[in-house]
Amino acid sequence: MIERIWSGKSPLYLLLLPLSWLYGLISNLIRYSYKSGLKKSWRAPVPVVVVGNLTAGGNGKTPVVIWLVETLQQHGLRVGVVSRGYGGKAESYPLVLTADTKAAQAGDEPVLIFQRTGAPVAVSPVRSDAVKALLAAHELDVIITDDGLQHYALQRDVEIVVVDGVRRFGNGHWLPAGPMRERQARLRSVDAVITNGGTALAGELAMVLQPGKAVNLVTGEQRDAAMLKNVVAMAGIGHPPRFFATLKQLGVDLQKEIAFADHQAYSPEQISATVHPGQQLLMTEKDAVKCRSFAQPDWWYLPVEAKIQGLQAEKLLQKIADLILKTHL
């Protein structure tokens with residue numbers, strides 16, 4: 001239902017407009033309070049790059065963070081990542097992730113980024129505290145913030161917005177009548193717009209999510225996803241239909257599609273009940289970080305990798321490198 005409302009296919013959004021206008025008013029007041037100096041923001045001693053979005057729901061932001069971290073690492077740069085840690089609850093903050101940190105503590109996306117990139121990661125509702133904790137523990141050249149475009153208490157040097165190229169901005173209204181956290185005009189003030197799928201507009205960086213081989217949660221075995229039989233597909237992400245569509249494009253033998261809420265916590269009983277004897281469970285990598293500790297032999301996940309190429313991507317990376325160079329002069 002919410003997808004129909006946000007896409008403009010249902011007139012029910014009209015009932016939510018008063019709440020939407022209130023959201024927009026509060027959002028603009030918060031941004032103005034920092035921009036005008038009424039509220040103080042904190043600047044890190046190293047460049048800060050924000051990867052965020054204007055809309056609620058899954059846009060492909062985390063794969064962009066991973067792409068950016070790995071690309072900068074390949075250039076010999078020391079990269080740290082901070083996040084709010086949605087879906088996790090730590091005993092205390094800031095929390096610097098280790099190999100033993102669970103998604104229930106730090107959130108699924110920070111754990112995924114940590115496992116995929118090996119970069120230092122810290123989470124805290126106050127992102128500046130997470131940055132300070134990372135810098136106290138590691139010598140870093142740059143900080144990437146996973147989400148946080150609207151977290152103006154932390155100053156940033158580069159802003160990157162990830163846009164769903166198919167859904168774009170829906171009906172264009174603020175939450176809850178529409179999907180917008182900020183209006184589309186905000187794009188004029190950011191450094192780069194990365195468009196995930198669909199058609200990138202003029203000035204936007206085109207991105208595609210390239211799936212890898214399915215990975216067994218227990219053994220680590222890799223196999224072409226199309227080789228799996230009687231597959232139950234499971235996705236607890238911002239936009240599950242994108243995952244299911246990918247599996248169909250790969251020719252996966254889908255028996256059932258199960259969508260969970262984004263950042264949902266799982267129990268062994270809950271997940272085991274989705275699969276019958278003779279079926280194989282195929283989930284997203286983001287779900288896998290929450291299920292690995294109680295995984296069964298017939299459970300698999302499908303990793304995806306962001307592919308962003310071209311002159312604009314090179315210019316974005318060069319801008320970040322130049323900012324890092326300035327801090328060392």
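Since the model is predicted, local features need pLDDT of at least 70 and side-chain atom pairs count only at pLDDT 80 or more, while totals for chains, interfaces and linings use all residues. Residues are numbered from 1 along each chain as its sequence is written, and side-chain values use heavy atoms, with hydrogens and water left out.

Let's start with the strands. Helices (H or I, at least four residues) and strands (E, at least two) are DSSP runs, numbered from the N terminus, and two strands pair if DSSP finds at least two bridges between them. Strands of a sheet pair through backbone hydrogen bonds, either parallel or antiparallel. Here, six strands make an open sheet with mixed pairing, in the order E10-E9-E14-E13-E11-E12. At the edges sit E10 (222-223) and E12 (254-259), each of which pairs on one side only.

E9 (residues 214-216) runs antiparallel to E10, with two bridges joining them; Ala214 has Arg223 in E10 as its bridge partner. E13 (residues 280-284) is mostly covered, with five of its five residues buried; buried means under 20% relative accessible area, exposed over 50%, and partly exposed in between (1.4 Å probe, protein chains only). E13 pairs in the parallel sense with E11 (residues 231-235) over four bridges, and Ala233 stands opposite Leu282 in E13. E13 also pairs in the parallel sense with E14 (residues 299-302), again over four bridges, and Met283 has Tyr301 in E14 as its bridge partner. To get from E13 to E14 the chain passes through helix H9 (residues 285-291), in a right-handed β-α-β crossover (with the strands pointing away from the viewer, the path from the first strand over the helix to the second runs clockwise).

**Another set of paired strands**

E8 (residues 205-211) pairs with both E7 (residues 192-196) and E15 (residues 304-308).

| Pair | Sense | Bridges | A residue pair |
|---|---|---|---|
| E7 and E8 | parallel | three | Ile194 and Leu205 |
| E8 and E15 | antiparallel | five | Leu209 and Ala306 |

**Helix H2**

Now for H2 (residues 13-35). At 1.5 Å a residue, its 23 residues should span 33 Å, and the end C-alpha atoms are 31 Å apart, which agrees; the expected span is 1.5 Å times one less than the number of residues. H2 still has a kink of about 35°, centred on Leu19 (the bend is the angle between axes fitted to the seven residues ending there and the seven starting there). Its buried residues are Leu17, Ser20, Gly24, Ser27 and Ser33. Leu17 counts as buried because its relative accessibility is 11%. Leaving aside neighbours within four places in sequence, Leu17 is in contact (heavy atoms within 4.5 Å) with His173 and Ala177. After H2 comes Gly37, with a positive phi near 90°.

**The cores**

A nonpolar core is a set of buried Ala, Val, Leu, Ile, Met, Phe, Trp, Tyr and Cys residues joined through side-chain atoms within 4.5 Å. The largest one has 41 residues, and Leu68, Leu72, Ile144, Ile160 and Ile320 have the most contacts inside it. Helix H3 (residues 61-74) gives the largest share of this core, seven residues. Not counting residues up to four places away in sequence, Ile144 touches a list of residues including Val65, Leu68, Val69 and Leu72. A second, separate core has 22 residues, among them Ala44, Leu54, Leu134 and Leu149.
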